[in-house]
Amino acid sequence: NADLALYRAKDQGRDNYQFFTSEMNTQLINHLQLIQDLRKALEAREFHLVYQPQIDIKQGQLIGFEALIRWQNSERGFVSPMDFIPAAEETGLIIPLGRWVISEACRQLRHMCDNGLVGDNVVMTVNLSVLQFQDDELISFIQSNLKEYQLKPGQFEIELTETVLMENLDDALIKLEALKALGILISIDDFGTGYSSLGYLKRLPVNIVKVDRSFVMDIPQDKDDMAITAAVIAMAHKLNYQVVAEGVETEEQLQFLESCQCDYGQGYYFSRPLPASDLEEFCNDFNLESIRNASAS
Ligand code: C2E
Ligand code: MG
Ligand code: MG
Ligand code: MG
């Protein structure tokens, strides 16, 4: 592809040739710079976690938090995980970074339990990428953190995308069985955006399906998305999964999900992802009825 671009550029004269090479160089340099900054960032403690509440739709209760990583760099400002997780994955940096996420999330949950913000039924969930899931020490690392922070396995959940699971299905199966045997919860993230079917995934010992935000965001305007969402929820329930809807932003969406018996919701309607310093206030004040009343008026 790069050769083709060069060839085409050369065809169009010398300036174009220079233009293409320098653009490609810039991209490469930017990428290498990102990797270098990422390497430093871990030691410089430039990362922090934010926590997005997950709500039991029927009970109106907080059931858990998804930990989401944030990178604040003095020169770059805020960098989205969508932009740096792939680079961390490519360089293997995701392993130490992902371990930090697991430890920090466990520490935070312990802190919330100790301070009476949440009961021991509230779950902390973290995202795992391909390399992290393939890491032979993943399970022992999780176990040692649960021990250190005195958490039950049922208070900890991992989110895996279909892509992560399908990367090496045989290995994934063995690992998932081991995690399940320990009592750690497993959810499939971004469900519906990959290539697998629910029937296929049924072979995997997974507890929860997270319906991707892309299906939820255009409810109620998009009737196709409503049909897909309803069907995924119904099928997931038949297969004994619980369902989380991602990206719930409006009362209309919540009402539709409620009518589909969707178990849990996550999204800006309930709360944005919160820095640790806002968790106390959220836990003390959260009340689904008042959110709904406020949105109705
Ligand atoms: P995800 O796991 O699917 O996380 C949900 C994303 O949707 C988060 O974006 C969250 O902030 C956003 N979101 C939640 N509710 C709403 C809503 O109502 N509306 C809209 N528009 N967005 C909503 P975020 O934090 O930027 O993370 C993006 C992705 O980066 C995550 O998608 C996950 O795949 C990855 N990621 C984040 N943190 C980590 C991490 O610690 N480790 C790994 N491996 N990946 C992570
Ligand atoms: Mg997730
Ligand atoms: Mg997701
Ligand atoms: Mg996603």
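Is Asp 190 buried, partly exposed or exposed? Asp 190 is partly exposed, with a relative accessible area of 24% (buried means under 20% relative accessible area, exposed over 50% and partly exposed in between, with a 1.4 Å probe and protein chains only). This is a predicted model, in which local features need pLDDT of at least 70, side-chain atom pairs count only at pLDDT 80 or more, and totals for chains, interfaces and linings use all residues. Residues are numbered from 1 along each chain as its sequence is written, chains are lettered from A and ligands numbered from 1 in the order in which they are written, and side-chain values use heavy atoms, with hydrogens and water left out.

**Magnesium sites**

- The magnesium ion (ligand 2) is coordinated at 2.0 to 2.2 Å by Glu 66 (OE), Asn 127 (OD1), Glu 159 (OE) and Asp 189 (OD).
- The spacing of the donors of ligand 2 is E-x60-N-x31-E-x29-D.
- Glu 66 in strand 2 and Asn 127 in strand 4 (residues 123–127) are 61 residues apart, and this pair links distant parts of the chain (helices, H or I with at least four residues, and strands, E with at least two, are DSSP runs numbered from the N terminus).
- Asp 189 bridges the magnesium ions ligand 2 and ligand 3, which lie 3.9 Å apart.

**Pockets**

- The largest pocket holds about 1200 Å³ of space (on a 1 Å grid over the protein atoms alone, a pocket is an open set of points with protein on both sides within 12 Å along at least five of seven lines, a cavity is a set where a 1.4 Å probe fits but cannot get out, and lining residues have an atom within 4 Å of a point).
- Volumes are the space filled by probe spheres set on the points, with grid points joined across faces, edges and corners.
- Of the 39 residues that line the largest pocket, Glu 66, Leu 68, Met 82, Asn 127 and Asp 189 are the closest to its centre.
- Elements that each supply at least two residues of this lining include strand 2, helix 3, helix 4, strand 5 (156–161) and strand 6 (185–191).
- The lining of the largest pocket has 17 nonpolar, twelve polar and ten charged residues (Ala, Val, Leu, Ile, Met, Phe, Trp, Tyr, Cys and Pro count as nonpolar, Asp, Glu, Lys and Arg as charged, and the others, Gly among them, as polar).
- The second largest pocket has a volume of about 190 Å³, and its lining has six nonpolar, four polar and one charged residues.
- Residues that line the second largest pocket include Gln 54, Ile 63, Glu 157, Gln 242 and Tyr 264.

**Cavity**

- One cavity of 30 Å³ or more is found in a search of the whole structure.
- The largest cavity has a volume of about 50 Å³.
- Its lining consists of Ile 95, Gly 98, Arg 99, Ile 102, Gln 132, Asp 135, Leu 138 and Phe 141.
- Helix 4 (94–114) and helix 6 (138–148) are the elements that give two or more residues to this lining, and helix 4 gives the most, with four.
- By class, four residues of the cavity lining are nonpolar, two polar and two charged.

**Aromatic contacts**

- The structure holds seven aromatic pairs (rings of Phe, Tyr and Trp, its six-membered ring, pair if their centres lie within 6.5 Å; planes under 30 degrees apart count as stacked, over 60 as edge-to-face and the rest as tilted).
- The pair of Phe 47 and Trp 71 is tilted, because the ring centres are 5.7 Å apart and the planes are at 35 degrees.
- Phe 47 in strand 1 (residues 47–56) and Trp 71 in strand 2 (residues 61–73) are 24 residues apart, and both are buried.
- Phe 47 and Phe 84 also form a tilted pair, with ring centres 5.7 Å apart and planes at 45 degrees.
- Phe 84 lies in helix 3 (residues 81–91) and Phe 47 in strand 1, so this pair ties together parts that are 37 residues apart in sequence.
- Phe 84 is buried, with a relative accessible area of 0%, and the value for buried Phe 47 is 7%.
- One aromatic cluster is formed by Phe 47, Trp 71, Phe 84 and Trp 100.

**Charges over rings**

- The charged end of Lys 175 sits over the ring of Phe 133, 5.9 Å from its centre (a charge sits over a ring if NZ of Lys or CZ of Arg is within 6 Å of the ring centre and within 35 degrees of the ring normal).
- Arg 272 lies over the face of Tyr 268, at 3.8 Å from the ring centre.

Conventions
Donors are N, O and S atoms within 2.8 Å of the metal (3.2 Å for Na, K and Ca); water is not among the atoms, so sites may look incomplete.
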